[in-house]
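Here's a quick tour for anyone opening this one up for the first time. Have a look at the picture, then read on.

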Amino acid sequence: MIGILIVTHGSLADEIMKTCFKIIGERDTVGAYSIQWDDDPTLATRRIEKLLKKLDQGDGVLVLTDMFGGTPTNIMISLSKNSHVEIVTGVNLPMLIKAVTTMSTFNDLSEFAEKVKQQGQKNIYKVSDILSMKRV
Amino acid sequence: MVEKRLKLVNKLGLHARAAAKLVQLGETFKSEIKISKDNVEANGKSILSVLLLAAPVGTELTFSIQGPDEEDAMAAIDSLINRKFDEGE
């Protein structure tokens, strides 16, 4: 079983996880770590490392971060050297819902990460395009 | 294959939590479930696909179900929609 960890600036990680659980129900192999603005990055790294160990059930952990180049992603890159993770940036709600509802059907972490990235990108719409498609 | 038009009667229509309930119910059946509205067709076992239907209260959706338990699946879905997704309004 693959685990999922969301890591972001501010409180986004916890809030997006709660929102996802509200919609599809709670899951225990999904975790969140929100790095607050005044948190010590070294301490945050140690805590995230513990959380990663807890979430890794043998097939690795998919890490969803907010933005490439930011501290949450940078911390995860540093931790990736010693743990089985794939990192996908730009977490959004459809991406997370897709990831959480399909995580049990994948064994290969890299393949899962690729699929989740594609779904995250695919589910961004310009709403007027959708509405005009429906009117045809 | 069984096909039926069902009207959404709950206040919020097919919003995120309702779509999740519909999909979770659909997943308990072996049959393939397709939902269509206007010229858009959704996979009834994928929440993101179902949400694309953008269906508010009063919308009529066409359910096409095919497989070994199609009748039971249709009855269960019909019941969920008419119970207003157990949302109370």
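What follows is a short briefing, grouped by topic.

This is a predicted model, so to speak of local features we need pLDDT of at least 70, and side-chain atom pairs count only at pLDDT 80 or more, while totals for chains, interfaces and linings use all residues. Residues are numbered from 1 along each chain as its sequence is written, and chains are lettered from A and ligands numbered from 1 in the order in which they are written.

**Chain A overall**

- Chain A has six helices and four strands; helices (H or I, at least four residues) and strands (E, at least two) are DSSP runs numbered from the N terminus.
- Starting at the N terminus, the elements of chain A go β-α-β-α-β-α-β-α-α-α.
- The C-alpha trace of chain A spans about 55 × 35 × 25 Å along its principal axes.

- Four strands of chain A make an open, parallel sheet in the order S2-S1-S3-S4; strands pair if DSSP finds at least two bridges between them.
- At the edges sit S2(A) (30-35) and S4(A) (85-88), each pairing on one side only.
- On average, neighbouring strands of this sheet are turned by 20° against each other, direction ignored; axes are lines fitted to C-alpha atoms, for helices over the stretch in contact, and angles run from 0 to 180 degrees between N-to-C directions.
- S1(A) (residues 3-9) and S2(A) run parallel and are joined by six bridges; in S2(A), A:Ile35 is the bridge partner of A:His9.
- H3(A) (residues 71-80) packs on the sheet, touching S1, S2, S3 (61-65) and S4 of chain A, and its direction makes about 160° with that of S4(A).
- H4(A) packs on the sheet too, touching S1, S2 and S3 of chain A, at about 170° to the direction of S3(A).

**The nonpolar core**

- The largest nonpolar core has 58 residues, and A:Leu62 and A:Leu64 touch the most other members; such a core is a set of buried Ala, Val, Leu, Ile, Met, Phe, Trp, Tyr and Cys residues joined through C-beta atoms within 7 Å.
- H1(A) supplies the largest share of this core, six residues.
- Leaving out residues up to four places away in sequence, A:Leu64 touches residues including A:Ile4, A:Val88 and A:Met95.

**Where the chains meet**

- Nine residues of chain A are in contact with eight of chain B; contact means C-beta atoms, placed from the backbone, within 7 Å.
- On the side of chain A that touches chain B, H4(A) gives the most, with four residues.
- The buried residues of H1(B) pack against H1(A) (12-24) together with S2 (32-37), H2 (47-51) and H3 (70-82) of chain B.

**A hairpin in chain B**

- S2(B) and S3(B) (residues 40-43) pair in the antiparallel sense over four bridges, and in S3(B) the bridge partner of B:Ile35 is B:Ala42.
- Two residues lie between the strands of this hairpin, where B:Asp38 takes a positive phi near 50°.

Technical notes:
Contact = placed C-beta atoms within 7 Å. Buried ≥ 20, exposed ≤ 12 C-beta atoms within 10 Å, placed from the backbone.
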